[in-house]
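Here are a few notes to read alongside the model. Have a look at it, then work through the points in order.

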Amino acid sequence: MKKTLLRKYAKLAVQKGVNIKRGQGCVIYAEVAQHEFANYVMDEAYKAGAKWVQMMWSDQPSMKLQYRHESLTTLSKVEKWEEARLQHFVDTLPCRIFIESSDPDGLKGVNIEKMQKSNIARTKITKPYRDAMDNLHQWSIIAIPSEKWAKKVFPNERKSIAVKKLWEAIFACVRITEDNDPVFEWAKHNANLKEKYDKLNSYHFDYLHYQSKNGTDFKCKLIPEAKWTGGYETMKDGTTFNPNMPTEEIFTSPMKGQCEGTVVATMPLSYMGNLIENFSITFKDGRAVDCKAEKNEELLRKMIAMDEGAAMLGELALVPDNSPISNTGILFYNTLFDENAACHLALGRGFDEVIEGYENKTKDELHKMGLNDSLIHVDFMIGGPELNITGYTKDGKAVPIFINGNWADTL
Ligand code: ZN
């Protein structure tokens, strides 16, 4: 891929993704195979005023070997030096850039139970550090092709062509062309999303009803104090950043424990390096009480049973069927893209920042208001051209939100 375009993308991640502050630290997470692009991002971070940049390299094949050869006890352990590093991040609040490029099937064959149990154990120790940085630092996830990922998306192409095609698709999704200014494009995009969610918020919906010919029939209550939002996020000190690039969704966190009905997935879900396919989840009293999947049903069940909050919802997101990512017609096998191609829900943790006045509330207070919490937050897609969503106000007025997969005229 052309160096000028790669530079543009790196600059976009630094300036619009994390919107780095002069003198701030920056942590970049990338796979070792992606060192060339990661170094562009590093360079742009310094140019934008980063005081220091720390690379956090990873490698999926090495991770697979660790899962295979290490005991559950060893895998579950978070060493003291790892905790010290996390504490250092909490103390210094660097911005964090995640460069995603993993192979959707990269952890196939790993003992799921071992992988999941060790993940739970590690997350229990690392989550307090992450919570302590919440809303106090900027972070952003972007993606670039790896050969394996590209071959999964374009299985009939030669490796080099598959990678090129995936680059082109990614650039289309993140609004980068040869002759535009993507930083300006993103400012415009953020403003458009804001106009939409402001309108949605003006209705103060009590609950939503989802219906589709594929079998989805589902009602979900909203948190009265929760707002719809999308695009950029605002930190406690007012700094804005774009946590996901691309992003097309407008989302909120629903009232935990108050939804009913069945949702049918419209895309496979890549979870822990495995694909869960053709599945549905049934909710009762706000909890997932049953699920079916043609492939990897056991993994889906384990995911839902991971902890108390994993069976409840943390996100409702609206994405029109007619959107740039959906229009590529490509199944990316990567949540960052696929979640922005279709309406989706997420099991697990809700978002603090959707609650009005969250800045002055404790985590405990937010959870009491109905915000879900869990070690996981996993998106799954239920949108498509047949989905209708109706919003109901407190006084029983029905307002169409989505008709046949796209925004209704009322919005
Ligand atoms: Zn989402």
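1. Start with the metal: along the chain, the donors of the zinc ion are spaced E-x65-E-x23-E-x4-H. Those donors are Glu249 (OE), Glu315 (OE), Glu339 (OE) and His344 (NE2), at 1.9 to 2.3 Å. Donors here are N, O and S atoms within 2.8 Å of the metal (3.2 Å for Na, K and Ca), and water is not among the atoms, so sites may look incomplete.

2. A word on what you're looking at: this is a predicted model, where local features need pLDDT of at least 70, side-chain atom pairs count only at pLDDT 80 or more, and totals for chains, interfaces and linings use all residues. Residues are numbered from 1 along each chain as its sequence is written, and side-chain values use heavy atoms, with hydrogens and water left out.

3. Why call the zinc site irregular? Because its four donor atoms subtend angles of 79 to 162°, while four donors count as tetrahedral only if all angles lie between 85 and 135 degrees.

4. Is Glu315 buried or exposed? Glutamate 315 is buried at 2% relative accessible area, and histidine 344 is buried too, at 0% (buried means under 20%, with a 1.4 Å probe and protein chains only).

5. Elsewhere, four strands make an open, parallel sheet in the order β2-β1-β3-β4. Strands are DSSP runs (E, at least two residues), numbered from the N terminus, and two of them pair if DSSP finds at least two bridges between them. The edge strands, β2 (52-58) and β4 (139-143), each pair on one side only.

6. Inside that sheet, β1 (residues 25-31) and β3 (residues 95-100) run parallel, joined by four bridges. Cysteine 26 has cysteine 95 in β3 as its bridge partner.

Notes. Tetrahedral: all angles 85-135°; square planar, octahedral: opposite > 155°, others 65-115°. Buried < 20%, exposed > 50% of the residue type's maximum accessible area, 1.4 Å probe, protein only.
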